[in-house]
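Please look over the sequence and the 3D structure shown below before reading on. The report that follows takes up the strands, a helix and a pocket in turn.

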Amino acid sequence: MTTVSGHTSAIRAKKVIGTAVEDPTGKKIGEIEDIVLDKQSNNIMFAVVGFGGFLGMGEKYHPLPWSMLDYHPEDNSYVVSVTKEQLQSAPADSLEALTQDDGLAFRESAYSYYSAKKYWQS
């Protein structure tokens, strides 16, 4: 099945990991490092976007609600409507911390920070 933007609705996680994340102007702001799944509701909890750092040092990991990511096949990238400055102020931590306590704390803070629709409250 094809989505509104013309790409299929199914994709393997390993194809998503490593994909660039850009702002609306096309500037790369990070890349997808992982995808965190909500096993109880069968939803994608959030995408983990790696931002900053050099050679793996000092990198921050940001949980972004999956609904915020818009895939652009022509660039093989995801576009998010946030600036680098907004991302710098957003919830972030280590990959391990993002999934502590089933990831609920970061899920809540990320969806609140970005004012994204909370799929678990539908």
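In which sense do strand β1 and strand β2 pair, and over how many bridges? Strand β1 (residues 20–22) and strand β2 (residues 28–38) are antiparallel and share 3 bridges, where strands are DSSP runs of E with at least two residues, numbered from the N terminus, and two strands count as paired if DSSP finds at least two bridges between them. This is a predicted model, in which local features need pLDDT of at least 70 and side-chain atom pairs count only at pLDDT 80 or more, while totals for chains, interfaces and linings use all residues. Residues are numbered from 1 along each chain as its sequence is written, and side-chain values use heavy atoms, with hydrogens and water left out.

Within this pairing, V21 stands opposite G30 of β2, and E22 has K28 as its bridge partner in β2. The hairpin of β1 and β2 has 5 residues between the strands, and G26 takes a positive phi near 95° there.

The hairpin of β2 and β3 has 4 residues between the strands, with N42 at a positive phi near 65°.

These strands belong to an open sheet of 6 strands, in the order β4-β3-β2-β1-β6-β5 and with mixed pairing. Its edges are formed by β4 (60–64) and β5 (70–72), each of which pairs on one side only. From one strand to the next the twist averages 40°.

## A helix across the strands

Helix α4 (residues 104–113) lies across β2, β3 (43–51) and β4, and it runs at about 80° to β3. Helices are DSSP runs of H or I with at least four residues, contact means heavy atoms within 4.5 Å, and angles, from 0 to 180 degrees, are taken between the N-to-C directions of axes fitted to C-alpha atoms, for helices over the stretch in contact.

## The second largest pocket

The second largest pocket has a volume of about 200 Å³. A pocket is an open set of points on a 1 Å grid over the protein atoms alone, where a 1.4 Å probe fits, with protein on both sides within 12 Å along at least five of seven lines; lining residues have an atom within 4 Å of a point. The volume is the space filled by probe spheres set on the points, which are joined across faces, edges and corners.

Among the lining residues are V36, L37, D38, M45, L104 and R107. Both β2 and α4 supply at least two residues of this lining, and β2 gives the most, with 3 residues. The lining divides into 4 nonpolar, 3 polar and 4 charged residues, with Ala, Val, Leu, Ile, Met, Phe, Trp, Tyr, Cys and Pro counted as nonpolar, Asp, Glu, Lys and Arg as charged, and the others, Gly among them, as polar.
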